[in-house]
Amino acid sequence: MVKKEYPRIGESLYHGELVNGLHVYVDVKPEFSKSYAFFATNYGGMDMRFQLNGEWHDTPAGVAHFLEHKMFDTKDGNALQDLAANGASPNAFTSSAITGYYFESTEKFEENLKILLSFVSEPWFTPESVDKEQGIIGQEIRMIEDDPENQVFYGMMETLYVHNPIKVSIAGTVESISHITADTLYACHAAFYNPGNMVLCVAGNVDPERICEIAREILPREGIADIPRDYGGEEPETAAMPEKVQRMEVSTPIFQLGWKADPAPMGEERLRCQLMGELACEALFGTSTALYARLYREGLVNQNFGYGYEAYPGCAFLAAGGESRDPRAVRAAVLQEAERIGREGIQPALWDRLKRAAYGGRVRGLNSFENICVGLAQGHFAGAEHFRFPEVFDTIQKADVEACIRRWVVPGRTGLSIVEPKEARA
């Protein structure tokens, strides 16, 4: 393995690539008793159409999430129970772009790592177990569909995107998962759960070389690195529709405002776009801005207000939302502030404060093993080094963020999703 130093943040990282294509990252923390492992595949809810062995495959919405649920089943029982019995705290998640399995433990780390790598790389499905899981996930989907927060988010995605499958629920629908079979799961596992499409990130008091030895011992000898994906037709720069309104059991209207950003390229520029997007949000409507103070004072937002920037294959967006008595007034105020920033620029004192705060937040994130490992994995799949954020921060100027706001936060790129109380008028 190769060791690389990152002196500006006091980190060092071991990195190795195995013959089967798996990349292994180890952040050694000898002063800690706990260790954390994150085993992830470059496969998420968006990846419904892909090419394997020269043939295109179309799969139902929700397969990646369904597969995550089923991967804990083994011929001998359940891997979650095995890890818990060994004193580990395991779990998993599926996002639009990746699926990750992880655990944290203070003892028997190597034994737990072997369990993790084994059950993720050795699928075991039966028609009966898939049928049973369809019922379980179907109940979960119905709960999601009854959740106003979930519905307002996906409503926003529908306002922004015409083709990109980012707008499709990661869990799918009751109808879509009814088409998932054991063969579907085996085919998707063969395509995406191979070492060439995966990454293993570990943080803790561990031996990097031993981590690689265990991975070589457990995982398949070969992997596939190139898996073509199809994310739909070319997206227009403008939003798909200006607004979507739904009515549900809420006491106060909730909303999500979205702005369609330019897709972020691969490589270090992806990290730069991420940082610029986050800074654009802070400069526009962050909690230290005059706009946020005014919106809060006028009762147009409250402490539930949140915001952020997200980038996925073929798409990126800024979003802000929460509760509001008048979401359309919030939209108008943000667009007015964006126009002002585009004309006058960000106040230099505010810019300096926001940039220092954003940098500090990234540094504080290094206190979490989970943040480190998930960040390393996401960075790897994007072709960027997670620990190089200080150097990337140095390249971002006030004018860069102002240009992003000027280009992205305009009426034609804006989508507004509202969930109103059922008795509200249109």
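Phe 38 is buried, with a relative accessible area of 0%. In this predicted model, Phe 38 takes part in an aromatic pair with Phe 93 and in another with Tyr 102. The structure as a whole holds 26 aromatic pairs.

**Phe 38 and Phe 93**
- The rings of Phe 38 and Phe 93 are stacked, with 5.8 Å from centre to centre and 15° between the planes.
- This pair links distant parts of the chain, since Phe 38 belongs to strand S4 (residues 35-41) and Phe 93 to strand S9 (residues 89-94), 55 residues apart.
- Phe 93 counts as partly exposed because its relative accessibility is 24%, whereas Phe 38 is buried.

**Phe 38 and Tyr 102**
- Phe 38 and Tyr 102 form a tilted pair, with centres 6.3 Å apart and an angle of 40° between the planes.
- Tyr 102 lies in strand S10 (residues 99-105) and Phe 38 in strand S4, so their pairing ties together parts that are 64 residues apart in sequence.
- Both Phe 38 and Tyr 102 are buried.

**Other contacts of aromatic rings**
- One aromatic cluster is formed by Tyr 43, Phe 50, Phe 72, Tyr 101, Phe 119, Phe 192 and Tyr 193.
- The ring of Phe 369 has the charged end of Lys 34 over it, 5.1 Å from the ring centre.

**Annotated domain**
- An unreviewed UniProt entry annotates residues 180-357 as "domain: Peptidase M16 C-terminal".

How values were computed:
Residues are numbered from 1 along each chain as its sequence is written. This is a predicted model: local features need pLDDT of at least 70, side-chain atom pairs count only at pLDDT 80 or more; totals for chains, interfaces and linings use all residues. Side-chain values use heavy atoms; hydrogens and water are left out. UniProt positions are given in the numbering used here, feature names are shortened, and annotations may be inferred rather than shown by experiment. Rings of Phe, Tyr and Trp (its six-membered ring) pair if their centres lie within 6.5 Å; planes under 30 degrees apart count as stacked, over 60 as edge-to-face and the rest as tilted. Helices (H or I, at least four residues) and strands (E, at least two) are DSSP runs, numbered from the N terminus. Buried means under 20% relative accessible area, exposed over 50%, partly exposed in between (1.4 Å probe, protein chains only). A charge sits over a ring if NZ of Lys or CZ of Arg is within 6 Å of the ring centre and within 35 degrees of the ring normal.
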